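Student: I would like a close look at one single part of this chain. Please take me through it step by step.

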Amino acid sequence: MEDRTLVCQDCGMDFIFTAGEQEFYKEKGFDNEPKRCKECRDRKKRDRGQYRPE
Ligand SMILES: [Zn+2]
């Protein structure tokens, strides 16, 4: 397997979907590719923790 370059849905930046990550996804049975770069995923995670509906 080879590293692949994907485009982040949120920020539009290229990010690397590494061979190791692809293995991990396959092991977990995920069919789809990640839609977001690591920065955006981390930000989402942080945002979720702080989300307060007004
Ligand atoms: Zn991003």
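Student: In which segment does Asp3 lie? Please also describe its surroundings and the chain as a whole.

Tutor: Keep in mind that this model is predicted. Asp3 lies in the segment before β1, and β1 covers 4-7.

Is Asp3 buried or exposed? Count its neighbours. Asp3 has 11 C-beta neighbours inside 10 Å. A residue with 12 or fewer is called exposed. Asp3 therefore counts as exposed.

Now look for partners from elsewhere in the sequence. Leave out residues up to four places away in sequence, and Asp3 touches Ile16, Phe17, Thr18 and Ala19. Take Gly20 next. Asp3 and Gly20 are 17 residues apart in sequence. In space, their C-alpha atoms are 8.2 Å apart.

Step back to the whole chain. There are 2 helices and 2 strands. Along the sequence, the order is β-β-α-α. Asp3, then, comes before β1 in that pattern.

Next, the overall dimensions. The C-alpha trace spans about 45 × 25 × 15 Å along its principal axes. The radius of gyration is 13 Å. For a compact globule of 54 residues, the value would be near 10 Å.

Burial comes next. Of the 54 residues, 2% are buried. Asp3 is exposed, with its 11 C-beta neighbours inside 10 Å.

Finish with the contacts. Consider those between residues at least 6 apart in sequence. Of these, 39% join residues at least 24 apart.

Technical notes: Residues are numbered from 1 along each chain as its sequence is written. This is a predicted model: local features need pLDDT of at least 70, side-chain atom pairs count only at pLDDT 80 or more; totals for chains, interfaces and linings use all residues. Helices (H or I, at least four residues) and strands (E, at least two) are DSSP runs, numbered from the N terminus. The radius of gyration is taken over C-alpha atoms; the globule rule is 2.2 Å times the number of residues to the power 0.38. A residue is buried if 20 or more other C-beta atoms lie within 10 Å of its own, exposed if 12 or fewer, and partly exposed in between; C-beta atoms are placed from the backbone. Two residues are in contact if their C-beta atoms, placed from the backbone, lie within 7 Å.
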